[in-house]
Amino acid sequence: MVENGEKKRLARWYFGGLGSAGAACCTHPLDLLKVHLQTQQDGKMGVVRQTMVIVRGQGVLALYNGLSASLVRQLTYSTTRFAIYEACKKQVSPNGEAVPFTQRLGMAAVAGACGGFIGTPGDLVNVRMQNDIKLPEEQRRNYRHAIDGMVRVAREEGLRKLFSGADWATGRAILMTIGQLCFYDQVKQSLMATQYFQDNLVTHFTASLAAGAIATTMTQPLDVLKTRSMNAKPGEFTSSVDLIKYTAKNGPMAFYKGYIPAFVRLGPQTILTFVLFEQLRMNFGYFPQ
């Protein structure tokens, strides 16, 4: 780590978005599999079989369907939540001092709500592009890329449709940001309070792995509901309660459908995001005045 006396470098506001976009390039196939599992109602197809069906039917590159939308989502959603969270931290702790957990919790909730709402259009197109390959050809939307998808949704279904599922996306983003950013900082702070850990890759990996596990468990029910809401046809669900009832028909575990690929995806994504974020901070961050 580059140091100036006792001072540590601080992150710039856009480092979180860059780290998240880099991580998304590596974990996108797992995100696609998670969406496919969540949108099937019978729940009979597992991860391995789903992967084989996609690869045999569409080829290996089909696992990267919707990558442009995933990048747009991360560059809007993650940039916003990281930027707000880091800005709040700098106000509370201008020189990198420890921040109480309750304050971290509040800052993460606000940052997540803002990021979740702003990232909803990219998220909606991402879900649709990933789910397209499992539909019959005549029902496919065939968006060329993320921008084309957002323009077509606004033109064909109305501007409000771009924010379909914003309630679920915002709720999930609040829990995700608490699970990832708040708990990452908390675990990292606890580890560094011992004599066994320092501000290095081992600490960043350990803290981000714990944060990924916590975030997956907290967000999975809302993630299932958000995915189904965004992928629904106009008028398919009359309300949020109707969507919950529809999902609950298959029992409580229906809300955790796709949990394994979600964790397998979110674990590495969280690790890569924070490792990239910390490397950007340590090499290209700035020293507090």
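Trainee: What makes the side chains of Arg104 and Asp185 a polar contact?

Mentor: Their separation is 3.2 Å. The limit is 3.5 Å between N or O atoms, where within protein one must be able to donate a hydrogen and the other to accept it, and residues adjacent in sequence count only through side-chain atoms on both sides, so the pair qualifies. This is a predicted model: local features need pLDDT of at least 70, side-chain atom pairs pLDDT 80 or more, while totals for chains, interfaces and linings use all residues. Residues are numbered from 1 along each chain as its sequence is written, and side-chain values use heavy atoms, without hydrogens and water.

Trainee: Why is Arg104 called buried?

Mentor: Its relative accessible area is 5%, and buried means under 20% (exposed over 50%, partly exposed in between; 1.4 Å probe, protein chains only). Arg104 sits in helix H4 (helices are DSSP runs of H or I, at least four residues, numbered from the N terminus).

Trainee: Which residues does Arg104 contact beyond four places in sequence?

Mentor: Among them are Tyr85, Lys89, Cys182, Asp185 and Gln189, contact being heavy atoms within 4.5 Å. Gln189 is 85 residues from Arg104 in sequence and 12 Å away in space, C-alpha to C-alpha.

Trainee: How do you know that H7 and H8 are roughly antiparallel?

Mentor: Helix H7 (residues 166-192) and helix H8 (residues 201-231) pack at about 170°, with axes 8 Å apart. Angles over 145 degrees count as roughly antiparallel, on a 0 to 180 scale between N-to-C directions of axes fitted to C-alpha atoms over the stretch in contact. H7 and H8 therefore get that label.

Key. Helices (H or I, at least four residues) and strands (E, at least two) are DSSP runs, numbered from the N terminus. Angles under 35 degrees count as roughly parallel, over 145 as roughly antiparallel, 65 to 115 as roughly perpendicular and the rest as oblique.
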